[in-house]
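Trainee: I have a model to go through. Can we take it step by step?

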Amino acid sequence: MDTSKPVLLTGASGNLGRMLAVELAAAGLTVRLTDIVPFPDPLPPRARFVKADLNEALALVRQAEGCQTILHFGGVSVERPYEEVLGPNLRGLYHVYEAARREGARVVFASSNHSIGFHSRPVGNEAKLDADCEFRPDGYYGLSKAYGELMGRMYWDKHGVENVNLRIGSCFPKPINARMLATWLSYGDLARLVLRCIAAERTGHAVVWGASNNPATFWGADHRERIGWQPEDSAEAYRAEVGHIVSDDPVEERYQGGGYCSIEYSRQGGFSPRRSFDLE
Ligand code: 15L
């Protein structure tokens, strides 16, 4: 990758975007920031901000001009009705990938554990989930993330657009419940991961679990070696503080996606306390 060329960051005004904008600039990169809402902080050195809607193809194409990498953190970031997810997360992704194709840029996509949220959590010594597992989205948001990963698959196979899909667990300043002892990704580990995604020589189509070095992790093999990244932080340090914080909802506690799985859950017969449904 030519690191002298700028990096485009969508979703720059969100929590992760704001943190990344600072870290990317501190690493010496020239960043172009974009979001549908204004950037709330002072602009980092060499950065510029342009307000743009992911629904507008031309806006993305203009922003991406001359960029080496598009860090796609924009769009709806929580479970919402289908019609709200559709524009930013599906059409928006297409605009990002078309802009990347035009520029010969790499895409780093903020995917989510909610693309696989309906996998059960491993119990005891049960095998961890590898990144090539079946998609089991836990809502329209998770479905849009699975679509984004598949879009990356297609653009690599068909057009040679490199992409790294970060299947992010829970990226917050610190874990806030027992589930996050498995899913937490520290800000520092995310920033280092994104910098590696930019710097890596070749990535092809890669999927990396976005979680810190958590002993309680749900997740196993992925393509991190290709990127040259290893997480340094661990949620375990917070066990005493949050390890007892669980819900009384069996659906939330059974599945990896947690509370997202319970939103409008209406499977006939309700939740079965058995480990497996007869038909998965
Ligand atoms: C996500 O994908 C969301 O963006 C974030 O707000 C959290 O809900 C996170 O997943 C999680 O699963 O903890």
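Mentor: Start with a term: two strands pair if DSSP finds at least two bridges between them. Keep in mind that this is a predicted model.

Trainee: Which residue is the bridge partner of I168 in β9?

Mentor: Strand β6 covers residues 163-168, and 6 bridges join β6 to β9. The two strands run parallel. In β9, I168 has as its bridge partner G210.

Trainee: In what order do the 7 strands form the open sheet?

Mentor: The pairing is parallel. Edge strands pair on one side only, and here they are β3 (48-51) and β9 (205-210). Neighbouring strands are turned by 20° against each other on average, direction ignored. The order is β3-β2-β1-β4-β5-β6-β9.

Trainee: At about what angle does helix α1 run to β1?

Mentor: Helix α1 spans residues 15-26. This helix lies across β1 (7-10), β2 (31-35), β4 (69-72) and β6. Its angle to β1 is about 160°.

Trainee: Which strands does α4 touch, and what angle does its direction make with that of β5?

Mentor: α4 packs on the sheet. The strands touched by α4 are β5 (106-112), β6 and β9. With the direction of β5, that of α4 makes about 155°.

Trainee: Is Y140 buried, partly exposed or exposed?

Mentor: Y140 lies in helix α4, residues 140-159. On the surface, Y140 forms a nonpolar patch with Y82 and L143, with about 300 Å² of accessible area together. Buried means under 20% relative accessible area and exposed means over 50%. Y140 has 42%, so the residue is partly exposed.

Methods: Residues numbered from 1 in each chain as written. Predicted model: local features only at pLDDT ≥ 70, side-chain atom pairs only at ≥ 80, totals over all residues. Heavy atoms only, no water. Patch = residues over 30% accessible without salt bridge, like charges linked within 9 Å, V, L, I, M, F, W, Y side chains within 5 Å. Areas by Shrake-Rupley, 256 points an atom, 1.4 Å probe, with all protein chains shown as cover. Salt bridge = Lys/Arg side-chain N within 4 Å of Asp/Glu carboxyl O. Helix = DSSP H or I, 4+ residues; strand = E, 2+ residues; numbered from the N terminus. Buried < 20%, exposed > 50% of the residue type's maximum accessible area, 1.4 Å probe, protein only. Axes fitted to C-alpha atoms, helices over the stretch in contact; angles between N-to-C directions. Contact = heavy atoms within 4.5 Å.
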